[in-house]
Amino acid sequence: MRWTKVLTVGAAVSLGFVAACGAPNPGADNNAKPGQTGGKLEQASSGLMPDAKGPAPEVPGAKKGGILTVPYTSTPANFDPSDQYYTDTIAILGITHRTLTSYSYRDGKSVLVPDLATDLGKVSDDGLTWTFTLKDGIKYEDGTPVTAKDLVFAIKRSFDPDLAANGPTYQRDFFKGGADYKGPYQGDKNWNGVEAPDDKTVVIHLEKPFESLPYFAAYPQFSPIPQAKDKKQDYTLHPLATGPYKFDKYTPGSELTLVRNDQWDPNTDPARNNYLDGYDFKFGVDSTKVQQAILASNGVDATSMNWDAIDSSLIDQIEGPKKAQFVEGPSSCVFTVNMVTSKIPMEVRKAVAVAWPFDSIRKASGETTHSMTPGTTFVPPQIPGWVDYKGINGFDGTGDGDPAKAKEMLAAAGYGPDKPFELVYYYTNDTPVGQKANQVRKQKLEAAGFKVKDMGVPGKDRRKLAADPKGPQNVLQSPAGWCFDWPAADSIFPPMVTSVSMAQGSTNWGNLQDPKVDAEVARIQKLKIQEQGPEWGKFDKWLFENYLPAIPYQYDKGNYVFGTKVKNVINDPNHGMPVMTQIWIEQ
């Protein structure tokens with residue numbers, strides 16, 4: 001899943017579920033974090049609860065009422081369910097849209113439960129056919145019933161290269177005939193990789209076994225869309241809700257307000273509560289100013305929450321008198337410096353890794369150990385099979401770069417003062433943190449012998465521009481890291497390094513399209529889930545040493561600053577985002 005927190009070290013956002021997705025740092029536009037809090041590694045896990053029934057368990061002491069205001073730095077590109085793979089947009093759509101399965105936070109753990117479906121799916125003996133049966137009584141916000149045909153249309157729509165360019169690619173990789181299918185508008189009208197034999201049954205046909213499909217079915221791509229009400233590119237303005245809240249007013253690039261959906265039936269929903277009267281999301285804000293105001297908690301700030309990385313200037317407050325207004329915890333995300341392999345030769349990519357000024361950028365962006373842990377691997381430590389290794393020149397995700405060594409490496413690759421190698425990237429130019437972080441980054445890279453072309457753009461535009469695989473950038477392309485879609489590496493490497501992402505018109509680490517990488521990923525995927533872990537760990541190190549499509553340098557942590565009237569803010573370690581529907585406000 002692509003993340004949404006703003007990093008300065010990396011660049012723009014680009015991730016996945018429980019994103020996604022939506023991850024934190026103030027000078028870029030993506031998110032990521034590790035499994036460490038208080039020095040103890042927390043294992044990310046998501047057990048299965050196939051018999052879970054609605055309503056969701058009550059939160060002790062919770063009261064109804066109030067509006068939660070959520071101002072944060074990133075700006076969502078859209079809210080079309082087919083196109084979502086960012087942690088922030090997935091968290092928001094998780095309030096408004098129900099999916100075949102969903103995550104429920106119970107007894108301190110995140111578990112997968114049936115949502116629209118009656119169970120977590122039934123699979124055939126050969127592993128190639130999955131069947132989901134829908135519950136009775138599920139309605140859209142306009143009172144019309146949800147049917148299996150709506151789910152099938154929504155899933156087919158997630159193949160559309162124009163409507164879902166930034167979405168996940170598992171369906172294209174695993175679903176029968178999915179590699180060439182282009183959705184209900186542009187694709188083969190007879191494609192039947194997904195079908196609805198009746199109003200209650202969804203059948204998915206696979207090319208190869210996909211044991212993790214129930215987890216994937218918790219993504220917005222598995223939320224129903226009635227074809228008759230699909231407005232294509234304009235559907236983002238008001239996607240029909242099936243969850244406890246619905247869109248009220250949406251101003252793209254600025255604000256989204258949600259209100260209660262009176263057609264939602266809590267008795268059918270084992271995952272969501274609806275304590276709040278509504279939500280008010282504000283995009284593209286100055287996170288430091290917002291965090292200061294929330295800690296002071298005057299007026300609406302007392303009922304507000306921010307999920308950006310905590311600014312270093314506020315550490316004394318959140319470690320002291322304001323400690324009760326801050327929560328941190330493990331995230332699913334790893335931050336990276338993404339490099340386009342077709343534009344930057346391997347030896348130059350190594351020089352970039354040696355030159356990158358991690359510590360200076362962290363300082364300029366106000367990062368602290370509350371919001372991240374330095375790292376070296378594409379897979380975070382809480383994932384089974386994780387292998388700890390150090391990369392180029394003793395790289396360990398810290399330090400301020402070695403400009404002298406980088407110059408030597410560039411000279412050996414044929415570059416020097418008379419022929420400098422140019423690094424081209426987008427950065428956010430309408431926030432103080434973005435400007436400050438870029439100033440440091442540019443100075444340090446130029447001191448290492450690179451020519452730098454930094455293209456400043458508003459935060460509302462950066463995510464889209466940096467995620468364009470045909471854009472001019474060769475470094476800091478989205479995704480600036482990755483958040484695992486479920487706690488296993490088969491939700492990291494297949495979407496992030498294989499050709500399938502590029503075939504869909506999206507980006508991956510390095511824009512990789514390499515047959516050797518594809519073949520190795522395919523080999524590991526054929527193994528049983530329990531056998532894949534160690535092989536993914538080996539693959540992680542092999543990818544770094546032989547391709548270096550990105551520089552993994554940081555494991556993310558979830559950070560939440562909230563007003564004095566905001567209660568029960570809980571970090572979900574599988575997503576590095578708050579459990580939105582269990583928050584309540586003291587009146």
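What is the handedness of the crossing of α9 and α11? In this predicted model, where local features need pLDDT of at least 70, side-chain atom pairs count only at pLDDT 80 or more, and totals for chains, interfaces and linings use all residues, the crossing is right-handed (the near helix is turned clockwise from the far one by less than a right angle). Residues are numbered from 1 along each chain as its sequence is written, and side-chain values use heavy atoms, with hydrogens and water left out.

The axes of α9 (residues 358–365) and α11 (residues 432–447) come within 8 Å and cross at roughly 160°; axes are lines fitted to C-alpha atoms over the stretch in contact, with angles from 0 to 180 degrees between N-to-C directions. Helices here are DSSP runs of H or I with at least four residues, and strands are runs of E with at least two, numbered from the N terminus. The angle makes α9 roughly antiparallel to α11 (over 145 degrees). On the α9 side, Ser 360, Ile 361, Ala 364 and Ser 365 make the contact, defined by heavy atoms within 4.5 Å. Their partners on α11 are Val 433, Lys 436, Ala 437, Val 440, Arg 441 and Lys 444.

Helix α11 also meets the buried residues of α6, which pack against β4, β14, α7 and β20 as well. In α6 (residues 287–296), Ser 287, Thr 288, Val 290, Gln 291, Ile 294 and Leu 295 are buried (under 20% relative accessible area, with a 1.4 Å probe and protein chains only).

Turning to the backbone, cis peptide bonds join Gly 54 to Pro 55 and Ser 478 to Pro 479.

Note on methods:
Angles under 35 degrees count as roughly parallel, over 145 as roughly antiparallel, 65 to 115 as roughly perpendicular and the rest as oblique. Buried means under 20% relative accessible area, exposed over 50%, partly exposed in between (1.4 Å probe, protein chains only).
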